[in-house]
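Me: I have a structure open and would like to learn how to read it feature by feature. Could you take me through some cases?

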Amino acid sequence: MAQTLEFRGIMPNLAVSHLIALQGQDGGWGPYPGDPSRTEATALAALALQRAGEPAAGRAFDWLRAAQLDSGAWPIAPVLAEPGWVTSLAVFALSFDEPAGRSATNGARWLLAEEGSGATWWVNLLFRLFPQRKAVELDTDLTGWPWATGTFSWVEPTSYAMIALKRLRGHVRDARLEERLDEGDRLLVDRACVGGGWNYGNPRVLGEELWPYPDTTAAALLALADRGELPPVAAGLGVVPAMLEENESILALSLCGLAFGTHGVDRTGVIERLEGRIEEWSSGEVRALAWAALALDERSDVLGLSNG
Amino acid sequence: MADRRDFLKLMAGGAAAATMGCADPDPWTPAAVRKTDRSAVAVLPAPDYDEARLVEVVRDGIGMFDLDVRGRRVVLKPNLVEFDPRGVINTHPALVAATVEAFRLEGATEVVVAEGPGHRRDNEYLLEASGLGAQLRDTGARFVDLNHDAVRRVELKTSFTGLGHLYLPETVLDAGLFVSMPKLKTHHWAGVTLSMKNLFGIVPSAIYGWPKNVLHWAGLEGSILDINAALDVPRFNIVDGILGMEGNGPIQGEAREVGILLFGEDPVAVDATGARLMSIDPLAVGYLSKADAFLGNADDALLEQRGDSLESHRTNFRVLSMFEEMKTEPSAEPE
């Protein structure tokens, strides 16, 4: 939704001031300015404002707590009332507000029970009969996290779940935690593109290599912040500059800046480009703006992931 | 050794058994039936992407049908799934811009461009890299991100997937006219991707995942049928066949020049004609064959051809070897 924005004035982090100006009466944010509040945008904006020390974060966390389902999960939007992948982002945001609180830990327990599904029995049977027809070269036995309950595991939801759970390591006592994180690490390694980086989760289809995306690469790199020894981490970090030569979206620059900072890679150039772009913020995507606010924070490890 | 046809039959049979049960011969309700006695399609020559010329071609195409868009909000749904600077993945931005202009000239109150990209979540990049963002700024048309649009629950009239219902975007459900604008392409799972498959982009990924994961999980062909049967709004279809994609479509195939735009109200008829333009038998394409039973007309005996003859533009598209049986003539070797 296009609209004219009236900002409260120039602040050091322009993205933060944009977010504050866009906060809804209910304390949340929709995907685009003026939209009804949804979980993804609100969780990311809450996180960004919390890290910026903005009091407006309080109302955002209140929105998140009120939107949580009895199961511990969050819906995509309150009107949908079904648990969704956005639970990871809500838990991650709350890990900075009240990491030992019921809201964050109940959300983490839901995440631990949420599993991506493998191929169904008949698909496995068919691929045994017709091995040449197996179009993708993935280890379908590895379990990560799906976008939608009951479906396959993909890079981005797996990365977000791992980020949230790694942040809550000291606060959730559950025997499944380390096992699931370890399998998540292995899934991300399995899904890495041949030349480095990640796309949505298919490195090859029908034998042909697919290319990585900056935003999903950065998400996976954040999830593997404590696994710098894994070869796909170095490969992913290595391929980011080339990707950013062709892509200077606010989302790509922000997430890659965060990934660089988390892994101790010089992010100066990326952040300078982002500062230039945020002044002409035009995409209108609130989640991109929230990631930008985090990336523009002077702390390189603003997401608190470097030590797992 | 079992072949591709056996494989696909087993896949389809497995999916059907898993989702429908074996006792249900017709997985659609009477409300889903839209098949008419005859359907019209129009093929018009369009040699290139010159925008001014395309406005005239699109107006000519619209004029061959009984469409009155005066006072209506028209929603254009191009194919914008991914970007590859070397490829021809997406509906060309110049055609989208020309269509915006054409419907405005026909009296539409607003023309909106809407898409829920299937692979990428970075819309800013997709819009700018593809050139669509610049075209939209030039035309002043609004872009709606269908992956994050407000949704309403729609009960399915068919049970090919067993999903039961879908949440669909209000921008689409409230359209005065919904125009599917696919690229003329082969597809490495479905055989062809045209007006009907293009509707995957109206299913919001925020709910169903990228790359439209729930739909692939539920079955590609069944999902195409369920979505198309569920969308109960006035519809029109304009296929970008100026440059199509052959081989390993819909992402990694090669450009193939055909030089046409294809128009029609019946998506089954349009897609069947698109398949024939690629020298593919539409009734060998699983979802088109099924759609022909209740949703529209794929049988060429029931199609009224307007504009140029199909045969004058028919092109021998190369397909992956596993789809060779769908061809009406053997694929040409790559040049």
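Reply: Happy to. Let's start with burial: a residue is buried if 20 or more other C-beta atoms lie within 10 Å of its own, exposed if 12 or fewer, and partly exposed in between, with C-beta atoms placed from the backbone. Helices (H or I, at least four residues) and strands (E, at least two) are DSSP runs, numbered from the N terminus. With those terms, strand 6 (residues 165-169) of chain B is mostly covered, as 4 of its 5 residues are buried.

Me: What should I know about the model itself before going on?

Reply: This is a predicted model, in which local features need pLDDT of at least 70 and side-chain atom pairs count only at pLDDT 80 or more, while totals for chains, interfaces and linings use all residues. Residues are numbered from 1 along each chain as its sequence is written, and chains are lettered from A and ligands numbered from 1 in the order in which they are written.

Me: Which strand does strand 6 of chain B pair with, and in which sense?

Reply: Two strands pair if DSSP finds at least two bridges between them. Here strand 5 (residues 151-155) of chain B is joined to strand 6 of chain B by 5 bridges, in the antiparallel sense. One pair to look up is B:Val151 with its bridge partner B:Pro169.

Me: Is strand 7 of chain B enclosed or open?

Reply: Strand 7 (residues 177-181) of chain B is largely enclosed by the rest of the structure, because 5 of its 5 residues are buried. In a regular strand the side chains alternate between the two faces of the sheet. In strand 7 of chain B both faces are covered: B:Leu177, B:Val179 and B:Met181 are buried on one side, and B:Phe178 and B:Ser180 on the other.

Me: Which strands pair with strand 7 of chain B?

Reply: Strand 2 (residues 73-78) of chain B pairs with strand 7 in the parallel sense over 5 bridges, and there B:Lys77 has B:Ser180 as its bridge partner. Strand 10 (residues 235-246) of chain B also runs parallel to strand 7, joined by 3 bridges. In that pairing, B:Phe178 stands opposite B:Arg235.

Me: Now helices. How do I describe two that pack together?

Reply: Two packed helices are described by the angle between their axes and the distance between the axes. The axes are lines fitted to C-alpha atoms, for helices over the stretch in contact, and angles run from 0 to 180 degrees between N-to-C directions. In chain A, helix 4 (residues 87-94) and helix 7 pack at about 25°, with axes 8 Å apart. The two are therefore roughly parallel to each other (angles under 35 degrees count as roughly parallel, over 145 as roughly antiparallel, 65 to 115 as roughly perpendicular and the rest as oblique).

Me: Which residues of helix 4 of chain A make that contact with helix 7 of chain A?

Reply: Residues are in contact if their C-beta atoms, placed from the backbone, lie within 7 Å. Helix 4 of chain A contributes A:Ser88, A:Leu89, A:Val91 and A:Phe92, and they meet residues of helix 7 including A:Tyr160 and A:Ile163. Helix 4 of chain A is also largely enclosed by the rest of the structure, because 8 of its 8 residues are buried. Its cover includes helix 2 (39-51), helix 3 (57-67), helix 5 (102-113) and helix 7 of chain A.

Me: Where is A:Leu206, and what is its phi?

Reply: A:Leu206 has a positive phi, near 50°, and lies in the loop between strand 1 (204-205) and strand 2 (208-209) of chain A. A:Leu206 counts as partly exposed because it has 15 C-beta neighbours inside 10 Å. In chain B, B:Ser279 also has a positive phi, about 65°, but B:Ser279 counts as buried because it has 20 C-beta neighbours inside 10 Å.

Key
Contact = placed C-beta atoms within 7 Å.
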